[in-house]
Every structure is written in structure tokens, then in C-alpha cells.
Amino acid sequence: MKTRIRVRPGKGLQGNVRVPSDKSLSHRALILGALATGDTHVRGFLPAGDTLATLGCMEALGVRITRHTETTLTVHGVGLGGLEQADTPLDCVNAGTGIRLLAGVMSGQQFPSVLDGSDQLRRRPMRRITEPLRIMGADIEDTEGCAPLYINGSFLNGITYRMPIASGQVKGCLLLAGMFADSPTTVIEPGPSRDHTERMLTAMGVDVHVDGYNITISPPASLKPLDLTIASDISSAAFLIVLGALNANTSICLEDVGINPTRTGLLDVLAAMGAAIRQTNPRDEGGEPVADLVIEQRPLTATAVNGEVVVRMIDEFPILMVAATQARGKTTVTEAEELRYKETDRIAVMATELRKLGATVQENKDGFVISGPQYLRGAVVDGHNDHRVAMSMVVAGLLAMGETIVEDAHCINDSFPGFVEVLQQLGADVEWVD
Ligand code: S3P
């Protein structure tokens, strides 16, 4: 298996491409489809490491899933009470979304389960879900605040919970647990996190009431199955958006990108930096807004990023750090400490890797300061088994002088299988090497 990517800069990039489908929606389609009464048909499923791990977990819980093609499948829903006890621990591999959403579901079952994953997943914080789940009456033990999670099925009670951090995963976990509770559950967010769970539950006929940042779910009798088309993941598109905005002689059209406003923080920040990104062909797919994005190169200027936009672009900071090295002035990010609890500590890891390309990065507890524009020079860098770090470093390599090798890059398949091939399609000189 090739795990290194060789990057040679200097090519203008042109073309129309479709990046892979949305990871957040693919996880939710599997889990909610499994709990529906009847068959959920999914087109545009993301067949990546994280989502295939969730698929494996659902099968281990007795759910039949028919794969018609790589990206088209039918989830044969077993109904809210139809999951079966798994014989072995549920292996979420690297997927934080998978383990946290499933913890909500498994807490409401009448049988025990164990949720586990890779060493990387075992390092990520789980008290943010186990504490509120326990308030709901869940019998759940974490392992010093992390996975493995040991759950004994129990009856849940509805609660009102004020979330200390804005998190789509924590909110999703509690809303899913709320489906199995004896009364409504209200989650109060400090800011707007991605609302895919609420939208999909509503499309399935569940009473989810949204009042500002208060979201209340009433336990449903059943879920209606869906016929769902999932658009491209804006968090995958982000790497090509930044590349398109910065690479000389470049014009890229990204087709069919999800532009849910809880996910488009990067577009807002890049617009403020002077980027030329046009949305065309706006439409709605499965209750989610979608458009094509046309990106042309422009000089960028620095900006300050803080407040509510941080959560709306939480997965896009590694690639924003690359953009900041090329923007004129001082880009300052604050209130983004959550970046330290992702697949890696993304502030520290990106600072380390960008420095190998000669960049100067000031790392702060809750963000960073990067002054630009800076010349980057090719080097050997490391993806740290973090898909978004590895892809950011490939983009950085394309903007540097000379050749870059990104090691430990196989993790890109966790969210963006075919990343290298998409770049090649646009004309980039990038390839997997031994
Ligand atoms: C996700 C929520 C975010 C995001 C992750 C996917 C989701 O995590 O970083 O990639 O699908 O709900 P947090 O909830 O930890 O912010």
C-alpha cells in the first residue's frame, strides 16, 4: 500500500470535478435509516474509512445493508426497537462522529454494548457525551474519559441540557438518545453547530422543534424511511476551494456541494479575504441546500476569525492555515481550542508541518497567528494519520517552491477517497509513491 504523496507545484488547474459525498450525512443516513421502519435508499453515500466503519457497526447490530454500487445502498430499517445485541465490541475505527452518535443510540437499547475504535479514536474526549447521557439515566462507563465505552441498556428520561461547547456530534448524540427517552429532551447550544441530525429527523417525520439555539425532540413512535441523495462534502471541497483561490492560472468548478449554512463558515471567511467564489445552480437535495461552486484565483488579504463562524468551519482550519500563509497581513484565529481535540491536535500538528515548509506560525492555546504572504519551500512533511492535515499539506506543497513529499497520507481515505486522482484530473502534478 502506498502511503506517501509526491507533490510538484507550478501547474495551472482547470476543470469541473465532483468531490466525494458528505461524511456527516452518510453516517446519519446509515444510523437513522437503520432505525426507520422500512427501506431507506441512499444515493451519494460516502464509501470512506469513517463511514464504512459505521456501516460495519450497523451490520453488527443486525441491520441488513444492500450495496448496489460503491455509493448507492439500501438500509433495511429494523425500526426503533429492532437492533440486536452485537457479538463483539462495535469498532468505530477512526470515526468520532460514528462513536458519539452511536453512543446515543446504544444508551437507549435494552441490551449491553461496547463502543471502541483505533488508538487515535481512543485518545479523543468522550466525557462530553457520557456525562449528559448519564443525566438521562444511561448506564455508560468511559475509560478515563475516552473509549472504550461500556453501555448497559437502560430506560432513559428526557432532560434539558445546556451544552458547554457547540458540537454537532454531542447534539446529535443527545437527540438520538432522546428518541428512546420517556419524555422530550431539549438541547441548548452556545452557538450554531451543524444541524444535519435535526434536518434528517424532521424529514423522517420526527417532531424536532427548533427555537433559536434550543432544540427539542419528542420521542417518536417510529421513523419514516427516506429516499435520499447526499451532495458533496463542503469539508472535502474546502481543499480545492483554497487551492483554487491561491494557485496561479486556476479556475475550478466543484459540482453539487452541500452549502448548509451551518457548514459554510470557510466561504464567508474566504469572501472576507477577497476570494472569488461564485455559487451557481442553487437547489435543494433531501432538505439540504446544494450548489455548484466556481473558484478563481485572486490575491487574498488576512482576516480575524472568532465567534460563531468558528464552529461553522471547524473542520476547515488546517486548510485555512495554509491560506493564511499566502494572504497579505496577519490572520488571527481565536476561540478555536476545539481544534486540539480532533483526530490530532490540529493547531500543533499543522504548525509543526507548515514550519517544515519554512513557514512562521505563532501557536496560541485557542488558535494561531500567521502573517503573510510567506514563501513556502518543498520538504518532506507528515500527515500524522489525520486526513485533513494530510490534504492540507498536499495543497501547501502545490503552493510551495520545489517538491514536497507528504508521508503517512493514506488516512486521506477516511473522508476523501480519490483526492489525488481529483487533483490529477484538474491538472496537478501529484501522485502516490512508494
Ligand atoms: C461532525 C461534527 C464536528 C466535526 C466532525 C463531524 C458531525 O465535530 O468536526 O468532523 O458530523 O456532527 P464536533 O461535534 O466535535 O465539533
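Strands here are DSSP runs of E with at least two residues, numbered from the N terminus. With that settled, here are some close-ups of this predicted model.

View A. Pro148 belongs to strand 9, which covers residues 146-152. The peptide bond leading from Ala147 into Pro148 is cis, its omega being near 0°.

**View B. A cis proline in a loop.** The step from Gly372 to Pro373 is also a cis peptide bond, with omega near 0°. Pro373 sits in the loop that joins strand 21 (367-372) to strand 22 (380-382). For context, most peptide bonds are trans.

**View C. Asn249 and its positive phi.** Look between helix 8 (234-246) and strand 15 (251-258), and you will find Asn249 in the loop. Asn249 is not a glycine, yet its phi is positive, at about 55°. Most residues other than glycine have a negative phi.

**View D. The shell around the ligand.** Around the ligand are Ser24, Arg28, Thr97, Ser167, Gly168, Gln169, Arg194, Ile314, Asp315, Lys342 and Arg388. By class, the shell has 5 charged, 5 polar and 1 nonpolar residues. Domain 1 (4-21 + 231-433) and domain 2 (23-229) each contribute at least three shell residues, while helix 1 (23-35) and helix 6 (168-178) each provide at least two.

**View E. Polar side chains at ligand oxygens.** Ser167 places a polar side-chain atom 2.5 Å from an oxygen atom of the ligand. For Ser24, a polar side-chain atom lies 2.7 Å from a ligand oxygen, and a side-chain N or O atom of Arg28 is likewise 2.7 Å from an oxygen atom of the ligand. The ligand taken alone exposes 380 Å², and the protein buries 95% of that area.

Methods
Residues numbered from 1 in each chain as written. Predicted model: local features only at pLDDT ≥ 70, side-chain atom pairs only at ≥ 80, totals over all residues. Heavy atoms only, no water. Near = heavy atom within 4 Å. Polar contact = N/O pair within 3.5 Å; in protein donor to acceptor, adjacent residues only side chain to side chain. Areas by Shrake-Rupley, 256 points an atom, 1.4 Å probe, with all protein chains shown as cover. Helix = DSSP H or I, 4+ residues; strand = E, 2+ residues; numbered from the N terminus. Nonpolar A, V, L, I, M, F, W, Y, C, P; charged D, E, K, R; others polar. Domains from an automatic or database assignment.
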